[in-house]
Amino acid sequence: MLKTLKRISLGASTAIALATAAFAGPYDEFAGTTLVVNFPAHPHYNAVMKVLPEFTKETGIEVEVDQLPYMKMRERQTLELGQDEGDYDLVAYVVFSKADYVYADQLENLARYFMNPKLADPSYDPDDLIDGYVYNIGFAGGNKGYLAGKTGSLFGVPYGSETSVLGYRKDIFEKHNLAVPETYEEMLDIACKIPQLEPGMGGLSSRAASGHHAAHAFLLHLAPLGGRVFDNSWNPIVNNAAGVEAANALKTIVDCGPEGAASFGFGEALGSFLNGDTAMFLDTTVVAGQIDDPKKSKVVGKVGWAMHPMGVRRGSQTGGFGIGIPKNAENKDAAFLLMQWLTSKTGDKLTALAGGNPSRFSTHADADVNAKFPHMSIFGEALKHADPDWRPIIPVWGKINADLGTTLSKVLTEDLDIQTALDGVAERAKGIMDEAGYYTWQ
Amino acid sequence: MNYERQNPAFYALLITLIFMAVGPIVLMLANSFKLDVDIIGGTSGLLFLPTIQNYETALCDVLWYELDHLDFCSLKFGGAFINSIIIALISTLLTLVIGCMAAYALVRFKFMGRDTASLTTLMVRMVPPAVLLVPVFGLWNNEFCISKNSYFGEIIRDVFGGRGDVCLAGTHSGIILIYVAMNLPFVIWILQSFIIQVPRSLEEAARVDGAGPFQVFFLVVLPLIKPGLAAAAIFTFRIAWNEYLLASALSDRGTKTVPILIVNNMSEFNIEWGVIMATGMLLAIPPIIFTLFASRQIISGMTAGAVKG
Amino acid sequence: MAPAIIIIILALLYPLGYMVYGSFRAWDPSQNISESEFVGLKNYITLFYDPAFRESLVVTLTFAVCVVFSELVIGVGLALMLDRNIRGMSVLRTLFILPMMIAPVVVGLMWRYMYHPTVGTFNKTLKSFGLDGIDWLGQNALLSVIIADVWQWTPFIFILSLAALQSLPRSAIEAAKIDGATSWQQIIHIKLPLMMPVLIVTALLRLIDAFKVLEVILVMTEGGPGLSTEILALRISRTATEFRELGVAAAMSNYLLIILLILTVSMYAITRIQENRAARLARQIQEEY
């Protein structure tokens, strides 16, 4: 793997070196600058850490990385972006922070940079970036404020984005002659059969811990089962039939899941799949790298991938991270250069080969990447059904999300009635939305 | 010393208690020498091939040799450890010096009655760090600042670098200040209970011999209250060394302390048990050493703080 | 004296005042407090009707009461049993202090590991005996958190009550023995009443500390599942950092302070009463024998 990485980066650096000779170097002016960037502790960004030295070698721009767990990272950014002059030149932000930051006018609009001939690389090929990711993560001000639309513009570039896929144990499925589930019904059925077929093994490992984890797991099922959190006039409809079905699905999964599943965070859920305690895993694509790492995984080579099963429609999640330039950054131009380099075709490929999640179509189709990660083509397929509206990205979402997550956790551990629970969430969400002014025009 | 002989059941109880008290710590120590695969994989016993790889990973930023098992050094434990030491030592020292003077003044010049003093101590001790979180966060970030254009502000920015106005937040001093304030009442309380026991006649004798007030304090009083000082020092150090919440709100990437690092690394993507246990062990070692060598002082401090309170 | 007063005013009293001021405002971390809008008692009223806040209040009180009660019973019980002059006592005391000295963050970490549903020590042990594992940090999260705190802090009560026991007037106990009092009677009629003032102070200190617990729970459960372990301290810090509502967090802190103030003052009053009563009792015992 290192060999390929080296070969590619060598190629890249020669290409850049040639370009440097021809154009008198777009990076020259910034050589010696130190950029302070804020990245999450996340498999994709761990891959980025391996690629960054390459950037420094090519451009002479130093990068100092402050890596934090992503919820901590968000807290830190809340503080830093609020200052007159902040510490960070480039930040990776969680997708749902997009609403907060853009609304508070804390991220640079990228138009100015892509218009600047000295900064913008003509070979960048923005059309190659995956549409769903761009609109979900980088774009703001379109339809509903957070979707694609004519009124929006770009504030960040997706980097470390993800969608959902179903991982399953090929060996277990073969042994019991099970078909890979195509629909939710089949998936739930198999999930509950596994504990009987393989005593001690759970069906599907899902996150379910109180708060963000439970909410995330629920939303993952809500979209394919035909539900939404809000209707088109911002009325909460999370408590309709589809919502109840999604919560039921989550409950079934946890009940038929591994021991202690109700308190699993993402780490525990993934851990139990890596440890061979469950037969399926339905969550983000970001885990693929670890599943084939013998240092962390006991199921190397035993895992197959399939699309997120269908309910009444296909609808896999879109999420992960984007990178943007804070308004209060010191070295904005150099930060843009780093951002452009990382998300360029070469940068994206290097990151993918180091185990990251590509955000370009070309990388998903790339021969080297597919040779190393055969699942990449299935991931590319899954991306076609990525649903940017599976979760609303509005400034008050954090609060509703937290309430949804704690309430669902009660459903899972305290046997709270699902309809009552969701009615409660809807009612409180309505209050929060009302206070935030979403019903002003009604 | 004469010991009473007890029946074996009694010793069995004693051993069970010791096992319960120390067991979890020993377990952590053992796990810190195991690979993750072994921790997760089931070998729960004490039979395993010990490895120092976890400690190497934790200390990767201060080791002089390259590590084969790491692609890059993500855990900056060494730096955090130094921050923790700076913050804990300076705040302990400051608390002791200031606390000593205040306790002496309280006892000798009778600033307040004993009851008032103990009630005040109790009130301050009552305030949970979580309550201080919001105001301290706001003040340290926005109010306790010097403009970067002022004379001192410019000097500080020239010497230490950084951006924006010079604020207490994100500096060692900011964290030290709140720790000193939190610990002072308790330290004053312990020390004054020791100072009261210093016979006044001793001080007067020294004064007659021509010693000034400072000499009296340093040469007569201080040596006599050494056990109290030791106890107070250990308690202050313990809080400053272990505290997480306020430090996490006030520190920036350069002033992170070890507890912050540990909480951060309980992050949701793949908990690396071995490495976390190793960092936990490293954080726990200084207090453990204190306990083993100064348990008498700790107990006397604890009883002074509670029984005489 | 002066530096101490300055520091306490600057870093404790002023912040507390600042917090009261902030609790009347719709205050956001990205704002300076003076830019925020004055909303009067709104934060307090919202909280009063907020089911999550109420639940967290109940959790906090349950946690504090359970923890202090179990620690008192176990700690005093052990002290009464072990109040003998035996070899190994000083070793026990030294080792017993260890849990208290270790960082709460690390304590949380150890217990989170031991409680882990599949990897953890407890469930592994249970399974090796052929029993079912227990869902420690799921359905039983509050209990599990309480156990961890009891582990860490029972020694505190044990050591203080042992010290109190050993400072009791030996003559009274000897005399009672001669009178033919069983050891149970000695405990009920002499030892416990005489220890009472110390026990109440100890309980008060533990109660105060129980309201401060945050790190252990943060590391073990992050307040979950549901809100079942979300104590007020944790709720305050989440409201401030996660929901970005500093004003509400400040109001919540004030509620917490008021509760603590009432508890402390009433316990303090009880201490004074008990002290007098114990002094009377001690005199009485001395006179009787």
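Helix α13 of chain B (residues 258-265) is largely enclosed by the rest of the structure, because seven of its eight residues are buried. A residue is termed buried if 20 or more other C-beta atoms lie within 10 Å of its own, exposed if 12 or fewer do, and partly exposed in between, with C-beta atoms placed from the backbone. The buried residues of α13(B) are B:Val258, B:Pro259, B:Ile260, B:Leu261, B:Ile262, B:Val263 and B:Asn265.

The model is predicted: local features need pLDDT of at least 70, side-chain atom pairs count only at pLDDT 80 or more, and totals for chains, interfaces and linings use all residues. Residues are numbered from 1 along each chain as its sequence is written, while chains are lettered from A and ligands numbered from 1 in the order in which they are written.

Chain B as a whole has 14 helices and two strands; helices (H or I, at least four residues) and strands (E, at least two) are DSSP runs, numbered from the N terminus. Of the 309 residues in chain B, 49% are buried. Among contacts in chain B with a separation of 6 or more, 69% join residues 24 or more positions apart, where a contact requires C-beta atoms, placed from the backbone, within 7 Å.

Between chains B and C, 72 residues of chain B are in contact with 69 residues of chain C. Helix α14 of chain B (residues 273-306) supplies the largest share of the chain B side, 16 residues. That side comprises 58 nonpolar, eleven polar and three charged residues. Here Ala, Val, Leu, Ile, Met, Phe, Trp, Tyr, Cys and Pro count as nonpolar, Asp, Glu, Lys and Arg as charged, and the others, Gly among them, as polar.

Two packed helices are described by the angle between their axes and the distance between the axes. Helix α4 of chain B (residues 77-108) packs against helix α1 of chain C (residues 2-22) at an angle of about 115°, with the axes 8 Å apart. Axes are lines fitted to C-alpha atoms, for helices over the stretch in contact, and angles run from 0 to 180 degrees between N-to-C directions. B:Ile98, B:Gly99 and B:Ala102 of α4(B) meet C:Pro3, C:Ala4 and C:Ile7 of α1(C). This contact has five nonpolar, one polar and no charged residues.

Within chain C, C:Val150 lies in helix α7 (residues 141-166). C:Val150 is partly exposed because 19 other C-beta atoms lie within 10 Å.

Terms used:
Contact = placed C-beta atoms within 7 Å.
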